[in-house]
Amino acid sequence: MKKRSSLELKKQILKHLSKHGETSLKMLEIKLKTNFKSIKIQCEDLSFFKLVELIRQDKNPNTGRPATLVKITNRGKEFI
């Protein structure tokens, strides 16, 4: 399988968020079939450019564990 570039992965993250809304890092990992660290790094880069917003939760209502949600911003929607 061919390795994806970071730009391709960022585009896939933005497309997924525009279609499905707010999503956890773990769910992005599963849906985009890549590892957690890659997703986290790419989302932090997108957050730096204000294309996504990272929302840290102390306790996820579903699992009871800390989680980070990713939400696309208006700027991110325009970028796609």
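How are α1 and α3 oriented to each other? Keep that question in mind while setting up the view of this predicted model, in which local features need pLDDT of at least 70 and side-chain atom pairs count only at pLDDT 80 or more, while totals for chains, interfaces and linings use all residues. Residues are numbered from 1 along each chain as its sequence is written, and side-chain values use heavy atoms, with hydrogens and water left out.

Begin by colouring the chain by pLDDT, the predictor's confidence in each residue, from 0 to 100; the mean is 92, and 99% of the residues reach 70 or more. Confidence is highest in helix α3 (residues 36-48), at 96, and lowest in helix α4 (residues 74-79), at a mean of 92. Helices (H or I, at least four residues) and strands (E, at least two) are DSSP runs, numbered from the N terminus.

Next, select α1 and α3, whose axes come within 10 Å and cross at roughly 80°; axes are lines fitted to C-alpha atoms, for helices over the stretch in contact, and angles run from 0 to 180 degrees between N-to-C directions. The two helices, α1 and α3, are therefore roughly perpendicular to each other, a term that covers angles of 65 to 115 degrees. To see the contact (heavy atoms within 4.5 Å), show S6, L9, K10, I13 and L14 of α1 together with S38, I39, Q42, C43, D45 and L46 of α3.

Now turn to the largest pocket, which holds about 320 Å³ of space. A pocket is an open set of points on a 1 Å grid over the protein atoms alone, where a 1.4 Å probe fits, with protein on both sides within 12 Å along at least five of seven lines, and lining residues have an atom within 4 Å of a point; a volume is the space filled by probe spheres set on the points. Select S24, K26, N60, T63 and A67, the closest to the centre of the largest pocket among its 15 lining residues. Then highlight α2 (25-32) and β3 (67-72), each of which supplies at least two residues of that lining, with α2 giving the most, four residues.

Finally, move to the second largest pocket, with a volume of about 200 Å³, and select K2, K3, R4, K33 and T34, which are the closest to its centre of the eleven lining residues. The helices α1 (6-20) and α3 each give two or more residues to the lining of the second largest pocket.

Conventions:
Parallel < 35°, antiparallel > 145°, perpendicular 65-115°, else oblique.
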